[in-house]
Amino acid sequence: MFTQDFINEVCSKMNNGELSTEELFKFFLDHKAKEDADFAKMYAKENKSFENCWKYITIEVEKQAREGKAHSFCTNVFKLLDLAFHYYNEDSIDEELKEKEKPKAVVSSAQVVPMQKVVKQAPKKESKNPQYVQLSLFD
């Protein structure tokens, strides 16, 4: 799947700071789509997007973290790629993501009170020399 030349190119881009983690992952998927015609068809689906793929992966890794298993994902890019392949293969995942994105209504019985503007006055300064008077800019 990934040739030594590709791995060298990825390492070079990582070492030069050319790619964020998300961009690096997209780079892997783009390369996979060029090399694998079956994956290219799934990757090109109109109802799929890389942004949703990335959301799905982060949700799954967070789930694993809550269960104490995230280290196995974070140390193995192939497990993350498996999640991406699963996302592009399963059409129902986008519907699950939409359900998770729906905002939950919060009802509060507290009364809303408008904020009041508070103006603080600077204290008047007296000069040590009685000949001079220092005026305040705020008076």
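The structure is a predicted model, in which local features are reported where pLDDT is at least 70 and side-chain atom pairs count only at pLDDT 80 or more, whereas totals for chains, interfaces and linings use all residues. Residues are numbered from 1 along each chain as its sequence is written, and side-chain values use heavy atoms, with hydrogens and water left out.

The chain contains seven helices and zero strands, where helices (H or I, at least four residues) and strands (E, at least two) are DSSP runs numbered from the N terminus. Read from the N terminus, the order of elements is accordingly α-α-α-α-α-α-α. Confidence is expressed as pLDDT, the predictor's confidence in each residue on a scale from 0 to 100; the average for the chain is 75, and 64% of the residues score at least 70. Among the elements, helix H3 has the highest mean pLDDT, at 91, while helix H5 (residues 70-74) has the lowest, at 58. In residues 103-108 the pLDDT falls below 50, and this stretch has zero contacts in the model beyond near neighbours in sequence, a contact being defined as heavy atoms within 4.5 Å. Where pLDDT is low, the predicted coordinates should not be read in detail.

Of the contacts in the chain with a separation of 6 or more, 63% are between residues 24 or more positions apart. The chain exposes about 11300 Å², of which carbon and sulfur atoms supply 53%; accessible areas come from the Shrake-Rupley method with a 1.4 Å probe, and for residues only the protein chains shown count as cover. Buried residues make up 24% of the 139 residues in the chain, where buried means under 20% relative accessible area, exposed means over 50%, and partly exposed lies in between (1.4 Å probe, protein chains only).

In soluble globular proteins, nonpolar side chains tend to be buried together. The largest nonpolar core in this model has 25 residues, and those with the most contacts inside it are Phe25, Leu29, Phe39, Ile57 and Tyr88; such a core is a set of buried Ala, Val, Leu, Ile, Met, Phe, Trp, Tyr and Cys residues joined through side-chain atoms within 4.5 Å. At least two residues of this core are supplied by each of the helices H1 (4-15), H2, H3, H4, H6 (77-89) and H7 (92-101), and the largest share, seven residues, comes from H6. When its neighbours within four places in sequence are left aside, Ile57 is in contact with Phe25, Leu80, Leu83 and Ala84. Val10, found in helix H1, is buried, with a relative accessible area of 5%. Not counting residues up to four places away in sequence, Val10 touches Leu24, Phe27 and Phe28; Val10 and Phe27 are 17 residues apart in sequence, and their C-alpha atoms are 8.4 Å apart in space.

A search of the whole structure finds eight aromatic pairs, for which rings of Phe, Tyr and Trp (its six-membered ring) must have centres within 6.5 Å, with planes under 30 degrees apart counted as stacked, over 60 as edge-to-face and the rest as tilted. The pair formed by Phe25 and Trp54 is tilted, with 5.6 Å centre to centre and 55 degrees between the planes. This pair links distant parts of the chain, since Phe25 belongs to helix H2 (residues 21-35) and Trp54 to helix H4 (residues 50-66), 29 residues apart. Phe25 is buried, with a relative accessible area of 5%, whereas Trp54 is partly exposed, with 21%. Phe39 and Tyr43 form a stacked pair, with 5.3 Å centre to centre and 25 degrees between the planes; both lie in helix H3 (residues 37-43), four residues apart, about one turn of the helix. Phe39 is buried, with a relative accessible area of 2%, and Tyr43 is also buried, with 17%. Ring pairs join Phe39 and Tyr43 with Tyr56, Phe85, Tyr87 and Tyr88 in a cluster.

Lys26 lies over the face of Phe50, at 5.8 Å from the ring centre, and Lys48 lies over the face of Tyr87, at 4.1 Å.

Conventions:
A charge sits over a ring if NZ of Lys or CZ of Arg is within 6 Å of the ring centre and within 35 degrees of the ring normal.
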